[in-house]
Amino acid sequence: LRTCSPGRARRTNASRRACLIVRFGDIYDQERLNVEIILRTYISDMEMVQRIIYIAAVESFHAAKKAYRQFKIRVRETLSLGHSGPESLEDAVLDYIVRHEDLYDVQASVNEVILSMNINPNISFPPETSFIAISTLIRELCRVAFSMQTLIPPLDIAFGIDGELFSETKYHRSFDSDFTAAFVAYHVWPALMENDVVIVKGEAVTKR
């Protein structure tokens with residue numbers, strides 16, 4: 001293992017948090033729209049396009065959080081063999097992960113996300129192509145989600161289901177929504193959360 005800098009994670013927490021929130025917004029504003037254009041060349045149904053992107057975001061967070069837990073266990077096991085302080089073992093582990101996030105096997109997470117999407121009954125892709133076409137978006141989401149787990153407290157996305165009561169605190173309505181409808185037909189982008197508090201609103205479509 002490479003050497004780590006004690007206290008680095010806590011010292012940089014606020015600045016890393018701010019950068020990651022901005023990056024999450026940039027993915028929504030840029031990469032998401034680029035992927036919409038790609039998907040529209042294969043799929044005429046805009047609802048299906050938006051569902052695919054939303055599920056990609058959700059699955060990316062799931063895969064990245066799983067990878068982070070596994071990575072953290074391995075680092076803790078290794079550092080515990082020779083740890084003597086002055087910082088706590090947990091701080092030393094977090095410092096190491098923050099310093100060496102490049103060791104995260106993001107491609108393994110991308111593969112896991114694509115596999116999950118292939119068996120998701122709510123989305124489909126034309127047989128002449130595959131979800132690999134949006135792997136760039138998935139990769140960026142996995143990287144951001146992994147980094148968000150190193151924050152104190154970590155950031156996560158809200159869990160959303162079709163048919164749930166629309167929440168003004170969690171979501172913006174898409175422009176094509178029925179603004180009088182009370183329930184979510186489907187989600188376009190997840191809300192970003194910190195300790196169950198909404199940090200960045202997501203987007204949802206409401207219909208009667």
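**Helix packing and domain contact**

Reader: Is the crossing of α2 and α6 left-handed or right-handed?
Author: The crossing of α2 and α6 is left-handed, a crossing being left-handed if the near helix is turned anticlockwise from the far one by less than a right angle, and right-handed if clockwise. Helices here are DSSP runs of H or I with at least four residues, strands are runs of E with at least two, and both are numbered from the N terminus.

Reader: Before we go on, what kind of model is this, and what do the values use?
Author: This is a predicted model, in which local features need pLDDT of at least 70 and side-chain atom pairs count only at pLDDT 80 or more, while totals for chains, interfaces and linings use all residues. Residues are numbered from 1 along each chain as its sequence is written, and side-chain values use heavy atoms, with hydrogens and water left out.

Reader: Back to that pair, at what angle do α2 and α6 pack?
Author: Helix α2 (residues 13-40) and α6 pack at an angle of about 165 degrees, and their axes are 10 Å apart; axes are lines fitted to C-alpha atoms, for helices over the stretch in contact, and angles run from 0 to 180 degrees between N-to-C directions. That angle makes α2 roughly antiparallel to α6, given that angles over 145 degrees count as roughly antiparallel, under 35 as roughly parallel, 65 to 115 as roughly perpendicular and the rest as oblique.

Reader: Which residues make the contact?
Author: From α2 they are R16, L20, R23, F24, I27, E31, R32 and V35, and from α6 they are L137, E140, L141, V144, S147 and M148, where contact means heavy atoms within 4.5 Å. By class, this contact has 8 nonpolar, 1 polar and 5 charged residues; Ala, Val, Leu, Ile, Met, Phe, Trp, Tyr, Cys and Pro count as nonpolar, Asp, Glu, Lys and Arg as charged, and the others, Gly among them, as polar.

Reader: And α3 with α6, how do they pack?
Author: Helix α3 (residues 46-80) packs on helix α6 (residues 135-148) at an angle of about 45 degrees, with their axes 8 Å apart. That makes α3 oblique to α6, and α3 passes α6 in a right-handed crossing. On the α3 side the contact includes I53, A56, F61 and F71, and on the α6 side L137, I138 and F146 are among the residues involved.

Reader: What about α2 against α3?
Author: They pack at an angle of about 135 degrees with their axes 10 Å apart, and α2 and α3 are therefore oblique to each other, in a right-handed crossing. F24, R32, V35, E36, L39 and R40 in α2 meet M46, V49, Q50, I52, I53 and F61 in α3.

Reader: Changing topic, what domains does the assignment give?
Author: Domain 1 covers 8-154 and domain 2 covers 158-207, with bounds that come from an automatic or database domain assignment. Their centres, taken over C-alpha atoms, are separated by 21 Å, and the contact takes 16 residues from domain 1 and 18 residues from domain 2.

Reader: How much area is buried between them?
Author: About 1600 Å² is buried between domain 1 and domain 2, and carbon and sulfur atoms give 63% of that; buried area is the accessible area (1.4 Å probe) that two parts lose on being put together, summed over both. F24, Q50 and Y54 supply 37% of the area that domain 1 buries against domain 2, more than any other three residues.

Reader: Last one, which peptide bond is cis?
Author: The bond from I152 to P153 is cis, with omega near -5 degrees, and P153 has its place in the loop between α6 and β1 (155-157).
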